[in-house]
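Subject: Structure handover

Hello,

Here is the structure I promised to pass on. Please open it alongside this email, as my notes follow below.

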Amino acid sequence: MPDTPVRETPKELMSYRKYWAHRFGTAPFLPMSREEMDLLGWDSCDIILVTGDAYIDHPSFGMAVIGRTLEAQGFRVGIIAQPDWQGPDPFKVLGKPNLFFGITAGNMDSLVNRYTADRRIRSNDSYTPNDEGGKRPDRAVIVYSQRVREAYKKVPIVIGGIEASLRRIAHFDYWSDKVRRSVLVDSKADILLYGNAERALIEVAHRIAKGDDPKTMFDVRGCALMRDASMMADWQEIDMTSIDDTAPRDKHENEKIVVRIPSFETVRDDQEVYAQASRVLHVESNPNNARPIVQAHGERDVWITPPPLPLSTKEMDWVFGQPYARSPHPVYGDARIPAWEMIKFSVNIMRGCFGGCSFCSITEHEGRIVQNRSHESILQEIEDMRDKMPDFKGQVSDLGGPTANMYRLACKDDDIQASCRRLSCVYPSICKNLNTNHDSLTELYRKARDLRGVKKISIQSGLRYDLAVKSPSYVKELVTHHVGGYLKIAPEHTEDAPLSKMMKPGIGSYDKFKQMFDMAAKKAGKELYLIPYFIAAHPGCSDEDMMHLALWLKRNGYRADQVQAFTPTPMSLSTAMYYSERNPMKPVRREGGERVYTAKGLKQRRLHKAFLRYHDAENWPLLREALKNMGRADLIGNGKKHLVPSWQPKGTGNKGGEGVRTGRKHKTQKFMTTHSGKGRRNSPLRSKG
């Protein structure tokens, strides 16, 4: 049990004394075989990382960042990428590590990667050579941990990454349709690190090297550990297991305060209490004021320390300044890896997101405080790309991150930020204490354009348009120089009911931005288009809401090529709404709490997607039936004001809606971001004009 609270003043990443093995120098690629280890002069690895992705030595891929960060601390790091999980032998390929195994499912949650929102199996995987599916197991963190234990029983296991991070407490698992235990319990790992874990991982690695047991590191921020429920020592426990309690916000003289949330067994059996536990977890998410959280699993507790303190700009520059090869490991030869092809000429300029969209996992994983790199670091990476990548033709595909335009935006007052418990800085309106000045980002764009050899810089990360309208000069700069044919933007819906559950601004903000965008494009003499994205079947969204969205799309001449239904990913507020049908953004009560209507049945979820593809003849029978049941048969006809025609083309309308479906497998692969485990959606709406 912890004798002291977590450290409040972070130790700088670069300040650790390097491990003795630093004398071996830097590897061109972290080794994936004994032959590579021999060439490096290694007799063993200090740390072995196991990942569900192909190994791409680029700072957009989590294992490369973790591996290079540990290497910079002096450790010899090997990588086992996408091992065959049917037995333990593939996990022995590099031998026994001296310190520990680090295990992750990869840049994506393994179940989001493998299944569609309708639980259909995908036939491909963008993080695998030649886009081949089936190269990682479902719930990869658990499976990999089990195989490592079979291979080496006593070697410590550290789990992390998006899959472990979002399953650190008892969570609703959409794919099995039940509440599952913390992944720490099921994996039997020694310690779980959540979020962007460089700070925690470096400390844990050095302490293991000194002989410390990782199971005892309760003073490390950003981790989850197991402990006996009877060992509370002298900590003061705030009991939040009752549904009618709220987390006390007053200060206590005792610094050793821990918040107890409802147990796994309770949230498994009581949906309302599940919503309460989700609410408490999100309220306790500001690293400046969060308290440790404990949740009982049987006779033992999962102890979750407060979130990691954000990296400084200097530390961010150090992490991204490591000697990445910026390419896939040579073992893959000429194999095509789609995720790599998409980001190979992009540069990540920031982390974190204060938007707090309830369906997104970025905030739960990276935090609400934006962490920024310096101009110098970003420009140096562009120059390295230009000088070291033979196929670079002067086109930078993106300067962004979780969003395109939160770079250097933050609370104006450190004291206010330290005490704030808002779930979003921009909902229901932009906080008056938030700095929305985009000048530093605009200056960065200009500097990057002026670099020798740079011909074009595109901005592909999703734009937060409600912030952009606060800086007209930024919109002008963006449209004039960094938008080609179209710019993606995510209003997500048009109706207030679902938007309020998403924590997204009203459609009026979109209209205001579109007006600014069109005006800037006209002044620049460019023909440009906004590409809006929408989510179907989100909690709080009714059939009528989807109908009104479809009418809006038709009025504005939009036709969706592909559409995305809401996927309940672990730990998000939207998932809590989906499972509990309660609103955890407000106090949860047995009586008087807000109930949330949710489309759960496959037929209704397909109907919501069909409304987004109102123009597809395959959907017309489904839509006609729904419109009649809704009392809106007036929208069936052959005029401009009708949503669907009364006639049916021969040979269509027999596939059950949503266009062509062939068997169980689903070909469309959504590219996934490093940050959220959700799709970097390639499903634009295209205008008929």
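First, a spot to look at: is Val331 buried or exposed? Val331 counts as exposed, because its relative accessibility is 55%. Keep in mind throughout that this is a predicted model. Val331 sits in the loop between strand E14 (327–328) and helix H11 (338–343).

Ten strands make up an open sheet with mixed pairing. Their order is E3-E1-E4-E5-E8-E9-E13-E12-E11-E10. The edges are strand E3 (77–81) and strand E10 (236–239). Each has a single partner strand, so one side of each is left without a neighbour in the sheet. From one strand to the next, the twist averages 25 degrees.

Helix H7 (residues 198–209) packs on this sheet. H7 touches E1, E4, strand E5 (157–159) and strand E8 (191–193). The direction of H7 makes about 150 degrees with that of E8.

Two of the strands that H7 touches, E1 and E4, also pair with each other. Strand E1 (residues 47–51) and strand E4 (residues 100–103) run parallel, joined by four bridges. Val50 has Ile103 in E4 as its bridge partner.

Strand E12

Now go to strand E12 (residues 293–297). Five of its five residues are buried, so E12 is largely enclosed by the rest of the structure. Ile293, Gln295 and His297 point one way from E12, and Val294 and Ala296 point the other way.

What are the partners of E12? One is strand E11 (residues 257–261), which runs parallel to E12 and is joined to it by three bridges. There, Arg260 stands opposite Val294. The other is strand E13 (residues 300–304), which pairs with E12 in the antiparallel sense over five bridges. Ala296 has Asp301 in E13 as its bridge partner. E12 and E13 form a hairpin with two residues between them. Gly298, in the turn, has a positive phi of about 65 degrees.

A helix pair

Next, look at helix H15 (residues 439–449) and helix H17 (residues 472–481). Their axes come within 9 Å and cross at roughly 25 degrees. That makes H15 roughly parallel to H17. The crossing is left-handed. On the H15 side, the contact involves Asp439, Leu441, Thr442, Tyr445, Arg446 and Arg449. On the H17 side are Ser473, Tyr474, Glu477, Leu478 and His481. By class, this contact has four nonpolar, three polar and four charged residues.

Backbone details

Most residues other than glycine have a negative phi, and most peptide bonds are trans.

- Tyr427 and Pro428 are joined by a cis peptide bond, with omega about 5 degrees. Pro428 lies in the loop between helix H14 (414–419) and H15.
- Gln82 has a positive phi, near 50 degrees. Gln82 is in the loop between E3 and E4. At 14% relative accessibility, Gln82 counts as buried.
- Ala537 has a positive phi too, near 65 degrees. Ala537 is in the loop between strand E22 (529–536) and helix H20 (543–555). Its relative accessible area is 0%, so Ala537 is buried.

Best wishes

Terms used:
Residues are numbered from 1 along each chain as its sequence is written. This is a predicted model: local features need pLDDT of at least 70, side-chain atom pairs count only at pLDDT 80 or more; totals for chains, interfaces and linings use all residues. Side-chain values use heavy atoms; hydrogens and water are left out. Axes are lines fitted to C-alpha atoms, for helices over the stretch in contact, and angles run from 0 to 180 degrees between N-to-C directions. Angles under 35 degrees count as roughly parallel, over 145 as roughly antiparallel, 65 to 115 as roughly perpendicular and the rest as oblique. A crossing is left-handed if the near helix is turned anticlockwise from the far one by less than a right angle, and right-handed if clockwise. Contact means heavy atoms within 4.5 Å. Ala, Val, Leu, Ile, Met, Phe, Trp, Tyr, Cys and Pro count as nonpolar, Asp, Glu, Lys and Arg as charged, and the others, Gly among them, as polar. Two strands pair if DSSP finds at least two bridges between them. Buried means under 20% relative accessible area, exposed over 50%, partly exposed in between (1.4 Å probe, protein chains only).
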